[in-house]
Amino acid sequence: MIRSEVDALRAAMVRAPLDPAWAPFEAAMLVRAAARPGICRSPGTRPTVHHPRAERWGDEPGLLAEFDTDAAASRLVSTLAAVAPSAVVESGYQGGRHRYEIHRVTVPRESGAQVLEVLARSASAGASALRAAGGTQAVAGRRRRELVIAAAAWRGALLAVGPGRGGPDGLAVRVGDPWSAGTLVRAADLLQVPVRAVRRPGGQLLTVDGRAALGALISVVTGSGATAAVGVAG
């Protein structure tokens, strides 16, 4: 994907419909992906901002995540509407000679621990639902729910730490913990999108290659009919 396609994809994901039942799971994916220690390159630009894992943020209660794009921060606030309506985005710049944007999502200090606990339960519920999903006997309503959860997983990860370049007709996302990698692989399987997972220093690199696979993933993470908006044919 070229830079203009990446920017259009981010914008389309921010506008994607939210399922109230699974919005907290998408929020959890955003926070977990952004919490990866180390460095992850954004498409052709500077390193993406990452904090230590959430359980080590005791020195700054109320901080949920930091991102290098306003798109990710805005989407996190939207997904938190039901569980943390007081969440806000604080934007600014960091760095010396090479300055870069940083977008912090915070809640009141006194409610930070409670919100993180809700997100932990939401992450567990979403992952469990994905593991239990599948099967040829799934009815239409259950199948729709599975697709909603799988799309939320990939949308959260792509907004938080990508999408990176996975070749001219592909994309990649690097996640730092086995739980996130396993959740994304399972979600891709349910979406019938082939994905390669390769271990890299600091985590695993998940790559989607091929225009058909890329188009299928983009279609579900942006919402029905959004494929054309990002310049990819289904």
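Is V107 buried or exposed in this structure? At 7% relative accessibility, V107 counts as buried, where buried means under 20% relative accessible area, exposed means over 50%, and partly exposed covers the values in between (1.4 Å probe, protein chains only). The structure shown here is a predicted model, in which local features need pLDDT of at least 70 and side-chain atom pairs count only at pLDDT 80 or more, while totals for chains, interfaces and linings use all residues. Residues are numbered from 1 along each chain as its sequence is written, and side-chain values use heavy atoms, with hydrogens and water left out.

Of its 234 residues, 50% count as buried. The accessible surface of the chain comes to about 10600 Å², and 54% of this belongs to carbon and sulfur atoms; such areas come from the Shrake-Rupley method with a 1.4 Å probe, and for residues only the protein chains shown count as cover.

Confidence is described by pLDDT, the predictor's confidence in each residue on a scale from 0 to 100. The mean for the chain is 83, and 82% of the residues reach 70 or more. Helix α3 has the highest confidence, at 96, whereas strand β1 (residues 40-41) has the lowest, at a mean of 37. Two stretches call for some care in reading. Over residues 37-58 pLDDT stays under 50, and the model has 53 contacts beyond four places in sequence for them. Over residues 225-234 it also stays under 50, with 21 such contacts in the model.

Returning to V107, this residue is found in the loop between β5 and α4. Its contacts, leaving aside neighbours within four places in sequence, are with G62, L64, A84, S86, A87, G112 and V115. For A87, which is 20 residues away along the chain, the C-alpha atom is separated from that of V107 by 4.6 Å. Helix α4 (residues 112-132) holds S122, which is buried with a relative accessible area of 13%. Beyond its neighbours within four places in sequence, S122 is in contact with P24 and F25.

A search of the whole structure finds 14 salt bridges, each being a side-chain nitrogen of Lys or Arg within 4 Å of a carboxyl oxygen of Asp or Glu. In another of them, D177 pairs with R32, with the closest N and O atoms 3.1 Å apart. D177 lies in the loop between β7 (170-175) and α6 (178-191) and R32 in helix α2, so the pair ties together parts that are 145 residues apart in sequence. D177 counts as buried at 11% relative accessibility, whereas R32 is partly exposed, with a relative accessible area of 24%. The charged end of R32 also sits over the ring of W179, 4.1 Å from its centre; the rule for this asks that NZ of Lys or CZ of Arg be within 6 Å of the ring centre and within 35 degrees of the ring normal.

A further salt bridge joins E90 and R104, whose closest N and O atoms are 3.7 Å apart. E90 lies in strand β4 (residues 88-94) and R104 in strand β5 (residues 100-106), so this pair ties together parts that are 14 residues apart in sequence. E90 counts as partly exposed at 38% relative accessibility, while R104 counts as buried at 18%. Salt bridges that share partners join E60, E66, E90 and R104 into one network.

Definitions and conventions:
Helix = DSSP H or I, 4+ residues; strand = E, 2+ residues; numbered from the N terminus. Contact = heavy atoms within 4.5 Å.
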